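Colleague: Hi! Could you walk me through how some of the helices pack here?

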Amino acid sequence: MMKFLLQKRLNPVLLVLLAVVIKLPMLLTGYIQEDAFITWRVARNLLTDGVIGFNGLERISASTTHLYVLVSAFFQLIFGTYFIYPLLVFSSALFAVGTLWLARILFTDKPYKQALFVVFLNMMPPALAASELGMEYGILFFLYCGLLYFGLYRRMRWAFLIFPILLLWTRLDAAVFLVVAFLAELAISRKINYTYILGGLIGLGSVVGFNYVYFGEIVNHTITAKKIAYKNLISNDSLQFLLYQWAYYGGLIKKYSLFTLVIFVLFLLFLGYVIARIIRKRALGRTAAIILLAITGFALLKITLFAFLKAYFDWYYWLPRVFLFVVMLYYLIEYLPFTARKKTLMIGSAAAVLYLFQMLQSWTIGYMEKNQRFTIAWEISEDTSGLAHSILLEPAGIIPFYTELYTYDEVGLVNAKVTAQMIEDEQFWWINTVKAYQPDYLLTVGHKAESGSGYYRLSEEDRHYFSQHYELVKAYPIAKIHQGAPPLLRWIYTIRPLGKDYYLYKTKTAR
């Protein structure tokens, strides 16, 4: 590999291909982010019923990303049921192209350092997650870097118009990046870029307008549903808890603790030192330096904003973490006082450790998913499938995707009827949903329905109704999965317990 990287002229196609191949082993872990299956079912619904929705002809913006729905639909149209791996490889390739564009900004006329940057950045844990776990973040990163490279760096006017539109159609919260990039553009050009503003306005107006005309709502339903469902999820509003959450999502250590906070603060202090030294050395040109500061500012702003707004999903923070790794990698590649060979070995060794860390983390989740939620989906499918039968459950990804059942989910992401029940009665919305719509299957998580715990609050009358109409079919205890895992995973589960028990119920009238 050293000889390949040391060539004076590198074929960018081969470099991107190398980055993709490096990430392929992630597919063997069996881990795909649950919410990806929601987007993929919406895409399938578009192909089969001609409607952007989750349950047949019902229109609902169950996916946060419109553009990725269309991309997923295209891959399902071409590859049918075998679309997943081609789509993941495509996402991985787009991410790799984005890293190549960043490398050209940071290491102008330094092909060897560009190659190091591309290879090692694609080995970082958040890069692996964004590329290979099925979400829209490979596309999003590609668009982020496209705006930075073709717009801010190469000054191509079309980029300021096209990329803001595509970014907002991918995710509305890309507006945070667009604002930071606009400030960077203002610093670079020292004048207002009206093409950029036009692109942002067209993007925002077209997405909001489409949502209103097609779905009858301004923002995606997923945003509204999460706001309602999660408003009382965690009652701890102390500064200590918020700081722990900030560190938990900003770094790689997945534990709410003082140790995690201290490590993250130390990392930020070192990051500040790195940025100060980069600016002082003036190895970067003015434009590249502003772009580097902009992506750092965006990363810290989004991590802080989303953490303190209690955004509980790890994927919101993948790309901010990637940009923090961009800064660190640039510093290590450019300023480590060693020969090229030693530098490559040192950074490569560290990258390999982080790569294995992410592989192991993905395997622990992938093994659990295969032996629990995928198993539940297969067992239900053997009994029945299709929209003629229904299920109430959480989460609404893997099981609804493979069973194709009409779905009510406990957050209301894919069915506004559940959201309406939550608004009407915050305490007894779950059993009210059961009574109102009488799903054929119920899948409870963490507690049996009869316990009355968590979401499953029941009055005495409700208990009688439930016992008359539903029976427990099977329990899926997480402890059994942990105990049956390979020794390494079993040891990890003792350190960081993952997963919860599931209980599958079926209506008695369906038998």
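Modeller: Happy to, and bear in mind that this is a predicted model. Let's start with helix 14 and helix 16: Phe267, Phe270, Leu271, Tyr273, Val274, Ile275, Arg277, Ile278 and Lys281 of helix 14 meet Leu324, Val327, Met328, Tyr330, Tyr331 and Tyr335 of helix 16.

Colleague: OK, new topic. What about helix 10 and helix 15, at what angle do they cross?

Modeller: Roughly 155°, and their axes come within 9 Å. So helix 10 and helix 15 are roughly antiparallel to each other, since angles over 145 degrees count that way.

Colleague: Which residues make that contact?

Modeller: Helix 10 brings Val176, Phe177, Val180, Ala184, Ala187 and Ile188, while helix 15 brings Arg286, Thr287, Ile290, Ile291, Ala294, Phe298 and Leu301. They split into 11 nonpolar, 1 polar and 1 charged.

Colleague: Nice. Which residues have the most contacts inside the largest nonpolar core?

Modeller: Trp40, Phe117, Leu147, Phe323 and Trp430, in a core of 186 residues. Helix 16 turns up again here: it gives the most to this core, with 14 residues.

Colleague: What is Trp40 in contact with, leaving aside its neighbours within four places in sequence?

Modeller: Among its contacts are Ile32, Tyr68, Phe83, Leu87 and Phe401, and also Ser72, Gln76 and Gly134.

How values were computed
Residues are numbered from 1 along each chain as its sequence is written. This is a predicted model: local features need pLDDT of at least 70, side-chain atom pairs count only at pLDDT 80 or more; totals for chains, interfaces and linings use all residues. Side-chain values use heavy atoms; hydrogens and water are left out. Axes are lines fitted to C-alpha atoms, for helices over the stretch in contact, and angles run from 0 to 180 degrees between N-to-C directions. Helices (H or I, at least four residues) and strands (E, at least two) are DSSP runs, numbered from the N terminus. Angles under 35 degrees count as roughly parallel, over 145 as roughly antiparallel, 65 to 115 as roughly perpendicular and the rest as oblique. Contact means heavy atoms within 4.5 Å. Ala, Val, Leu, Ile, Met, Phe, Trp, Tyr, Cys and Pro count as nonpolar, Asp, Glu, Lys and Arg as charged, and the others, Gly among them, as polar. A nonpolar core is a set of buried Ala, Val, Leu, Ile, Met, Phe, Trp, Tyr and Cys residues joined through side-chain atoms within 4.5 Å. Buried means under 20% relative accessible area, exposed over 50%, partly exposed in between (1.4 Å probe, protein chains only).
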